[in-house]
Amino acid sequence: MEDRRRRAGGGKDRISGLPDELLHVILRCLRSAPAAARTSALSRRWRRVWAHRSDLVFGDDLIRGVEGGGISFLDALDAALAAYSDDPAVHVGRLKITVPRTCGAKVTGRRVAPWLRFASRRLAGTFYLFVPYHWHPSPRANLEDDELELPPSGGATVIDLRLGSRFHLHILPAGTFAVLADLKIHSATVVGRELEVLVSSQCPRLRNLDLVVNLLAASDIAVRSSTLRRLKFYVLDTRRLHIAAPMLEVLDVSQVADAHIAAPNLVEVLLSSTNVFFADTGRHLRRLAIMLCSATAPLMRRLDSVNYLQLQIPSVTGRYRTGWHELLPKCEILCVSSSGLNVHAFEPFLLHLLRKGNTIRKLLLYFAFPLMKPYCSLDCPCRLPVSPMTNKTILDSLEEIEIHVGGSAHKVDKFVELLKQLLSNIWSTTTLVKLKSVEMNMLCPDSPLSDELCKKIRGMCPSNIRIKSNVFPEGLPQD
């Protein structure tokens, strides 16, 4: 039998005779670095081929259910990195580690530290690390298990760390990330001063920064960068944020009480309940997304126009404030959202926005109907005949209306009645010269709308307007 197999194959190992480049292609098709490392048992030649591949991916096969997880994964990962080539001329172009959730509490700082050191020494490209969240009913007995150091890397261009809300990440002050362009750190605790030094001094080519972390102690944070283009800053316990970034174009800030921004080239701003002072921002933005509150009023007054304006209405009760609409800059697309229509007088508020927005081309509404409360009482000042909203408004730019509603289908009949009241007031208080379509998207996870309710929705709009009603039980499809 053995002689027959040799004669059939000509007595040669044809695969091992292929050039290294083709063997690397074969190993990449495995889409698993541990599986590729196991090929080193085939022969000395395969040991050299595996240890010189530039793309190391650990854990993706576990997500697809190809292999088991747990402690065996961690052991295989450690062994594969230890067996990688010692040749300093061999660099890793991509290192991706996705730890399976079955590993649980086994992933300590001492276990993760060698992975970071390997990336620091050998990487010339992208490093991605995902550690799953694991809840601890009580603090770890050894606090060193939660300590982790981020060593400098001279070859990393992209670093993406998602650390499962368990580690205190310390950033070493010595060394630089000389060619790092994209940095993302999620779900970790950091020291404010170390974070400042990292961004402002150790990353001379940083372009994109994404931080969703906690500070070890409440402190002020200063971000100074001459190269930064995009910044997402969700850093809990930041007392005051100071940003000096002359090339910054996109800014997304949340969970910060006070901020001072010097960024003259901003084109997109996303703010959430933040008191922000803009030192030298222009009068026009491509996109502005804000929570409508007194803290954001100064920014609204500063701007003349915005292409895409997103307003988040806070879920609070109280009398409607007619002055809010006077703060709005001109916009082409207006998006109004609320976590629930428990905002007092949402309907008159929207009508006031439309009165101001005679440049609006597209109107989008997002809300959840299970939280809706009745409209304001009949004696409310916003409903009195002297209210300015009762005057007919000519909207000669509005072409599209989209209404996105999420909630439970068993309450949708109540929503339909409120929607009917809202739309009828829009038709009666405005003249829509160019309106072409109204699209309604219902996000009902439990069941679709009945034909009767769909027919009732379509009957709310004039016959000359194209009506489109969609139901997405699993949510809106992603582009």
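This is a predicted model: local features need pLDDT of at least 70, side-chain atom pairs count only at pLDDT 80 or more; totals for chains, interfaces and linings use all residues.
A residue is called buried when its relative accessible area is under 20%.

**Figure 1. Helix H7 and its covered residues.**
Helix H7 spans residues 109-122. Ten of the 14 residues in H7 are buried, so the helix is mostly covered under the cut-off of 20% relative accessible area. The buried residues of H7 are Gly-109, Arg-111, Val-112, Ala-113, Trp-115, Leu-116, Phe-118, Ala-119, Ser-120 and Arg-122. From its first C-alpha to its last, H7 reaches 20 Å, close to the 20 Å expected at 1.5 Å a residue. Arg-111 also belongs to a network of salt bridges with shared partners, together with Asp-75 and Asp-78.

**Figure 2. The whole chain, for orientation.**
The chain has 479 residues, and 49% of them are buried. Its secondary structure consists of twelve helices and 22 strands. Of the contacts between residues at least 6 apart in sequence, 59% are between residues at least 24 apart. The chain exposes about 23300 Å².

**Figure 3. Leu-95 in the largest nonpolar core.**
In soluble globular proteins, nonpolar side chains tend to be buried together. Here the largest nonpolar core contains 116 residues. The residues with the most contacts inside this core are Leu-95, Phe-127, Leu-129, Phe-233 and Leu-288. Leaving out residues up to four places away in sequence, Leu-95 touches Leu-56, Phe-58, Leu-81, Trp-115, Phe-118, Ala-119, Leu-123, Thr-126, Phe-127 and Tyr-128. Among the residues touched by Leu-95 are Trp-115, Phe-118 and Ala-119, which are buried residues of helix H7.

**Figure 4. Glu-268 and two arginines of strand S14.**
Glu-268 forms a salt bridge with Arg-286, with a distance of 3.0 Å from N to O. This pair links distant parts of the chain: Glu-268 is in strand S12 (residues 268-272) and Arg-286 is in strand S14 (residues 284-291), 18 residues apart. Glu-268 also meets Arg-287 in a salt bridge, at 3.9 Å from N to O. Arg-287 lies in strand S14 too, 19 residues from Glu-268.

**Figure 5. The salt bridge between Arg-361 and Glu-400.**
The closest N and O atoms of Arg-361 and Glu-400 are 3.9 Å apart, and the two residues form a salt bridge. Arg-361 sits in the loop between helix H10 (346-356) and strand S17 (362-368), whereas Glu-400 is in strand S19 (residues 400-406). The partners are 39 residues apart, and the pair links distant parts of the chain. Both count as partly exposed, because the relative accessible area is 30% for Arg-361 and 25% for Glu-400. A search of the whole structure finds 13 salt bridges.

**Figure 6. Asp-210, a buried charge without a salt bridge.**
Asp-210 lies in strand S8, which covers residues 208-224. Asp-210 is buried but has no salt bridge. The nearest side chain of opposite charge is that of Lys-184, 4.0 Å away. Apart from its neighbours within four places in sequence, Asp-210 is in contact with Leu-183, Lys-184, Ile-185, His-186 and Lys-232.

Most residues other than glycine have a negative phi. Ser-165 has a positive phi of about 60° although it is not a glycine. Ser-165 is placed in the loop between strand S5 (158-162) and strand S6 (168-171). Gln-255 likewise is not a glycine, and its phi is positive, at about 65°. Gln-255 is located in strand S10 (residues 250-256). With 43% relative accessibility, Gln-255 counts as partly exposed.

**Figure 7. Pro-462 and Trp-427.**
Pro-462 is found in the loop between helix H12 (451-458) and strand S22 (466-471). Pro-462 is partly exposed, with a relative accessible area of 32%. Pro-462 and Trp-427 are 35 residues apart in sequence. In space, their C-alpha atoms are 8.7 Å apart.

Key:
Residues are numbered from 1 along each chain as its sequence is written. Side-chain values use heavy atoms; hydrogens and water are left out. Helices (H or I, at least four residues) and strands (E, at least two) are DSSP runs, numbered from the N terminus. Buried means under 20% relative accessible area, exposed over 50%, partly exposed in between (1.4 Å probe, protein chains only). Contact means heavy atoms within 4.5 Å. Accessible areas come from the Shrake-Rupley method with a 1.4 Å probe; for residues, only the protein chains shown count as cover. Lys and Arg count as positive and Asp and Glu as negative; His and the chain ends are not counted. A nonpolar core is a set of buried Ala, Val, Leu, Ile, Met, Phe, Trp, Tyr and Cys residues joined through side-chain atoms within 4.5 Å. The expected span of a helix is 1.5 Å times one less than its number of residues.
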